[in-house]
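Thank you all for coming; I would like to take you slowly through one structure.

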Amino acid sequence: MEIDPFLRFYCENIPHRPGSAEPKTTTTIVYLKGEIMTKGRIAATLLAITLAATACGSSKKTVTAGATTAAPAASATTAAPAATTAAPAATTAAKAAPCSAKIGFMGPFTGDAASIGQEQLNWGKLGLADYNKANGTDFAFVETDTKLDPAEATTGAQKLVSDNSVVAILGPAGSQEVEAVGPAMTAANLAYVSPSATRTSLTAGKLPSFARVVPNDDAQGPTVAKFIAEKIAAKKVLIIDDQTSYSTGLADSATAAFKTLNVTVARESIAQKSTDFSSLVSKVTDDTGAVFLPWQLAANAQQLGTQLKEQGKKAVVVGSDGVYSPKDFSLEGAYVTSFAPDVRGVASAAAVVAAYQKAYDDKFGTFGPPVYVAAQLLATAVKTTCKDGKPGARADVTAAMKKVKLDNTILGGPVALDDKGDVVGAKFYLSQVKGGKYTLVA
Amino acid sequence: MAQFVQLVVNGLTLGSLYALIALGYSLVYGVLKLLNFAHGEVYMIGSFIGYGVLQVLGGSASPSVPVGILLPLLMLVAALGAGLVGVAIERFAYRPLRQSPRIAPLVSALGTSFFLQATMLLVVGARIVRYESEKLIDVSSGIHAGVLNISVMRMMVIGVSAVVMIGLNIFMKRSKLGKAMRATSYDPEAAQMMGMDVNRVVMVTFFLGSALAGVAGVMSGLVYNRVFHTMGFVAGLKGFTASVVGGIGSIQGAMAGGLIIGFAESFAQGYVSTTFYDVVVFVVLIGFLLTRPRGLFGVPELKKV
């Protein structure tokens, strides 16, 4: 489970060399595993990323949206209704001057992942604006573009660290970036909260001032196993990995979880670039209740599901978060996981969603809403340290961040951090495909 | 039993496609003694052309023409487009090198292959696109009786391949151009002396072989759905293997070889391993080469001493 959702998105969009089963960025991940990168590794990483980016870049238009893009941003401040999830009301700050502080915001606002970066940017802006409005604070973002590149992120982090007015940071987005900026953040004891980095090792203790508002990859296998065993009530499950490190890792963790639930597991494996899945599908027995696909390519899962139907097999398809793509994966009745829910289906998020749709557009997925929550979390932490309109020291903010509890968030539940920086009781979400749309079921 | 029947159906479908691709290798090799390694890319481009036409005609969900007209139209346009790509490849990558040592056009072929892949990456991007053929014809339609499950798409793939291959056989045996192709294959210099336009014959050969790959590309899109810019590499390799197993240069051989590789792949996936099925396929190739180097229908090359 090495690849986080960001890289998975990236992997689907970079070219594959003939004959290699894994996308090229996997090399990058290997390089980034180390705690602190040596110069050689940085160079190699840069090279790998440049190669990938050159190839991708030519196939897609680079979005040249600057840091101060989105014109609707201004209207967001005015149009946004009071957030339903507003953090503690501003009772003490009412008399004193409004607390004013700067929070760094690192995201892939341009480059290959710009579509996600812009979504994150918009949700972050909305989150902070809503918080300011509800609490009478005057917090502002210092935006830093990382292009989903660890080297860019490192440079950006150093800039933010040396800017003494910045007391906390939202981001960066990718797990590899979080690792890259780790040393600078740790040295400055600067709090940073990622809205999308899921790699498990990030909260293993090496990054003391780091936290995230999404679950780590280890939560996925057990979530899926529990759902299949209890809700689909399958006695026998087939798990097919796609021969990537993400896939085999997740398949292993799900296999272990199924065993504890007394579900019989069969394992198969097929390369991402195989032409035909129908012979694999012919191995699905009639008593197999569900097929779990921890895959990276939604189009492949769609094809396998179609061939199940073609051969009259009744097993239910459950895809991992790599398959989450309403455009490419739309098998009626199938399930798919995600590290954040589609907030359109979360009741407590209705007002915020409406405000977002009004200010921006309806083209958001699961990457944006956690940013809103991360902004709330950081703003709450900064505010608790505020005295006379000024925020406390960075170390104070970091300490305060770990104690923040948000009672209800737009993700549909409370958010509180454990001592490692993970959300307490974090889980993956499951949606079912109904009429071509994803409906949140667990 | 149910699985066995299913694997036969799968093998037949896959084998038909491999046979069509193998024919392209065999035709070109027969006439020019050249391994056209860019052939897999022509198959990929054919698949994309079919996808493009499908989108222009409204996509799978709401096609603007009836399915009965749509499918032949996709194949025709793709055949034409792929055929022209093949002719262009011959004109610019192989013809200038026809008199050079055999290694030169081989390298040129590999270069062309990468060039075409990169070009498609530029034009269409790296995402896997889907024909969404299940929206054209429901996958649960067709024959579903007892252990036999065979969808309409699969029947179409097998049927069209059979018709195309029989047609090609008749063309090669009866038509004037077919005879000219065989004559050029036998002795290009003598053919030229008899007044045949060798360049034209070579052009027709490339057009035919590439058009078959285009048809195979569209059918692959229809039955396996996924289309991407590197799909031609493995398909080309399998098609090449098929033509070697059948005896390169032989048309019947390409057909038989395609089916053998198709069955080997599907049975290996079903009964051996979905991870290592390619190993089985290439073991078949090695086995054939060891015991019968000229392939099933190949003719040993006569050499004057």
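Before anything else, a word on names: helices (H or I, at least four residues) and strands (E, at least two) are DSSP runs, numbered from the N terminus. This is a predicted model, in which local features need pLDDT of at least 70 and side-chain atom pairs count only at pLDDT 80 or more, while totals for chains, interfaces and linings use all residues. Residues are numbered from 1 along each chain as its sequence is written, and chains are lettered from A and ligands numbered from 1 in the order in which they are written.

Let me begin with the backbone of chain A. Most residues other than glycine have a negative phi, and most peptide bonds are trans. A:Gln243, however, sits in the loop between strand S6 (236–241) and helix H9 (245–260) of chain A, and has a positive phi of about 65° although it is not a glycine. Is A:Asp388 buried or exposed? A residue is buried if 20 or more other C-beta atoms, placed from the backbone, lie within 10 Å of its own, exposed if 12 or fewer, and partly exposed in between. A:Asp388 has 7 other C-beta atoms within 10 Å and is therefore exposed, whereas A:Gln243, with 17 C-beta neighbours inside 10 Å, counts as partly exposed. A:Asp388 also has a positive phi, of about 55°, and lies in the loop between helix H13 (369–384) and helix H14 (394–401) of chain A. Elsewhere, a cis peptide bond with omega of about -5° joins A:Gly171 and A:Pro172, and A:Pro172 is found in the loop between strand S3 (166–170) and helix H7 (175–188) of chain A.

Now to the place where the chains meet. Two residues are in contact if their C-beta atoms, placed from the backbone, lie within 7 Å. The contact takes 33 residues from chain A and 30 residues from chain B. Several elements of chain A each supply at least two residues of the side that touches chain B, among them helix H1 (5–13), helix H3 (39–59) and helix H11 (298–310). Which of the elements gives the largest share of that side? The answer is H11(A), with seven residues.
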